[in-house]
Amino acid sequence: MAASAPPAVDERLPLVRLLPLAAQHVLAMIAAPVSTVFLIATGLRLPADRTAALLSATLLLCGAGALLQSFGVLRTGARLPFVMLPGGAAAALFLRTAQEHGAATASGSVLLAAALLLAVLPLYGRIVRFFPPLVMGATVLVIGVNMIDVAAPMAAGGTGLAVVTIAATALGFLLLRGVWRQLSVLLGTAVGTLAAVLTGAPFHHVPGGGVLALPRLFPYGAPHFDLLAALPLMVFALASLAEATGQTLLNSEAVGRTPDPARDVPRTARADAVTSLGAGLLGGTVMVTSAENIGIVQLTGVRSRFVTAGAGGLLVLCGLCAPVTRLLAALPTPVVGGASLVIYAVIAAMGIGLLRRTDLAGRGATTVVALTLLAGLLPVLAPEWYRPLPGWARTLFGSGVPAAALTAVVLSALFARWGPDRCPAQDPPRVSPSS
């Protein structure tokens, strides 16, 4: 009697078919780590060679995370076709922590956030209920606005190039279909780069002529641990459990596997935490599993986790290949800034999409959203409000994302228990605030 075929998620593909499919996943997600690295490098005023080194480390971490999620080792990794990215909101929090307390403290904060995530996973069921779509939607919207505020100076250095990049990306979203549409940000970046060449805009000079790029351990010096300074990233780590829940459920459905959140979500989050520990050691920010590739799985019908494992292998090779990271690090900042603005505007739109899943007709839900937006946007619109506050309060409330997350969680819980009408606690969100 012939053996039954393995589940689609465990299908092993021939190399000649696996490689182009893996490359497709890489192309769909590569713009996010590149823009994140430029955001951090520009904010910290890193020289081009250190930007290339950080980009190398980030690509290595993305690849290692994809391999871990795809294969799953010791209950770490969900054995689903996932890729991994640096968290978009986490990048803004990392940068703000670095600017206010030093880059070494920011690295220490990443390590503390990853350790906290590992520690709370046994309590997953109790924690994730504090992050329903109402909380995540308002928080994700604030994240998008805060990220736009951080990325805008990158585009302002060359407004024309940034506009060309944004326009080309928008045309891609408008005119392309299927997998090509998911490459719109990458194609927009290519068009912006071509415009930079034609107009003679300056590219970054990246010194060095070697072929192998090795990540640098503790690039900002030994990590410094400050619990108060780390609080924003630690809150983000807890909120990422809701994100991991949505991603895991959505991916399980995409590959035809019966969702089992109690088993799979802690494995997904554990891989996020382990990869984030590596990021803290190599100068990066918190890493999160991404939904970028789930659309490709649905479009192509190829559900094998070995495809994303192949994508992880390609990302590792890209991270180790010095000419590739030097080429990416040489891109003009306004081009990357334009691409970043599109990515973070999409994040804000995702937050609006999450809020649409919540009934905002009730006074409780409306109040939660209104006060969350107030707490999250005031640091951007009126930062002078927070200057008279003591240092600890300025750290906690003077950064929009953690202030919004804490406000949303606390108010949602209070109104759900004692409010005039109950804030809806629906299924966990399926949209990533990290893309």
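Trainee: Is arginine 79 buried, partly exposed or exposed?

Mentor: This is a predicted model, and arginine 79 sits in the loop between helix 3 and strand 1. Buried means under 20% relative accessible area and exposed means over 50%. The relative accessible area of arginine 79 is 42%, so the residue counts as partly exposed.

Trainee: What is phi of arginine 79 near?

Mentor: Most residues other than glycine have a negative phi. Arginine 79 is a residue other than glycine with a positive value, near 55 degrees.

Trainee: Where is phenylalanine 218 found, and what is its phi near?

Mentor: Phenylalanine 218 is found in the loop between helix 10 and helix 11. At 33% relative accessibility, phenylalanine 218 counts as partly exposed. Its phi is positive in a residue other than glycine, near 50 degrees.

Trainee: Are the rings of phenylalanine 94 and tyrosine 220 stacked, edge-to-face or tilted?

Mentor: The structure holds two aromatic pairs. In the pair of phenylalanine 94 and tyrosine 220, the ring centres are 6.4 Å apart. Planes under 30 degrees apart count as stacked and over 60 as edge-to-face. The planes here stand at 50 degrees, so the pair is tilted.

Trainee: How many residues apart in sequence are the parts that this pair ties together?

Mentor: Phenylalanine 94 is buried at 0% relative accessible area, and tyrosine 220 is buried at 16%. Phenylalanine 94 lies in helix 4, whereas tyrosine 220 lies in the loop between helix 10 and helix 11, so the pair ties together parts whose separation in sequence is 126 residues.

Trainee: How is helix 2 oriented to helix 7?

Mentor: Helix 2 and helix 7 pack with their axes 10 Å apart, at an angle of about 70 degrees. Angles of 65 to 115 degrees count as roughly perpendicular. Helix 2 is therefore, relative to helix 7, roughly perpendicular.

Trainee: How many nonpolar residues does the contact of helix 2 with helix 7 have?

Mentor: Helix 2 brings Phe38, Leu39 and Thr42, and helix 7 brings Met147, Val150, Ala151 and Met154. By class, this contact has no charged residues, one polar residue and, as nonpolar residues, six.

Trainee: Which residues is threonine 51 in contact with, leaving aside its neighbours within four places in sequence?

Mentor: Threonine 51 lies in helix 3. Its relative accessible area is 6%, so threonine 51 is buried. With those neighbours left aside, threonine 51 is in contact with Val37, Ala41, Leu46 and Ala329.

Conventions
Residues are numbered from 1 along each chain as its sequence is written. This is a predicted model: local features need pLDDT of at least 70, side-chain atom pairs count only at pLDDT 80 or more; totals for chains, interfaces and linings use all residues. Side-chain values use heavy atoms; hydrogens and water are left out. Helices (H or I, at least four residues) and strands (E, at least two) are DSSP runs, numbered from the N terminus. Buried means under 20% relative accessible area, exposed over 50%, partly exposed in between (1.4 Å probe, protein chains only). Contact means heavy atoms within 4.5 Å. Rings of Phe, Tyr and Trp (its six-membered ring) pair if their centres lie within 6.5 Å; planes under 30 degrees apart count as stacked, over 60 as edge-to-face and the rest as tilted. Axes are lines fitted to C-alpha atoms, for helices over the stretch in contact, and angles run from 0 to 180 degrees between N-to-C directions. Angles under 35 degrees count as roughly parallel, over 145 as roughly antiparallel, 65 to 115 as roughly perpendicular and the rest as oblique. Ala, Val, Leu, Ile, Met, Phe, Trp, Tyr, Cys and Pro count as nonpolar, Asp, Glu, Lys and Arg as charged, and the others, Gly among them, as polar.
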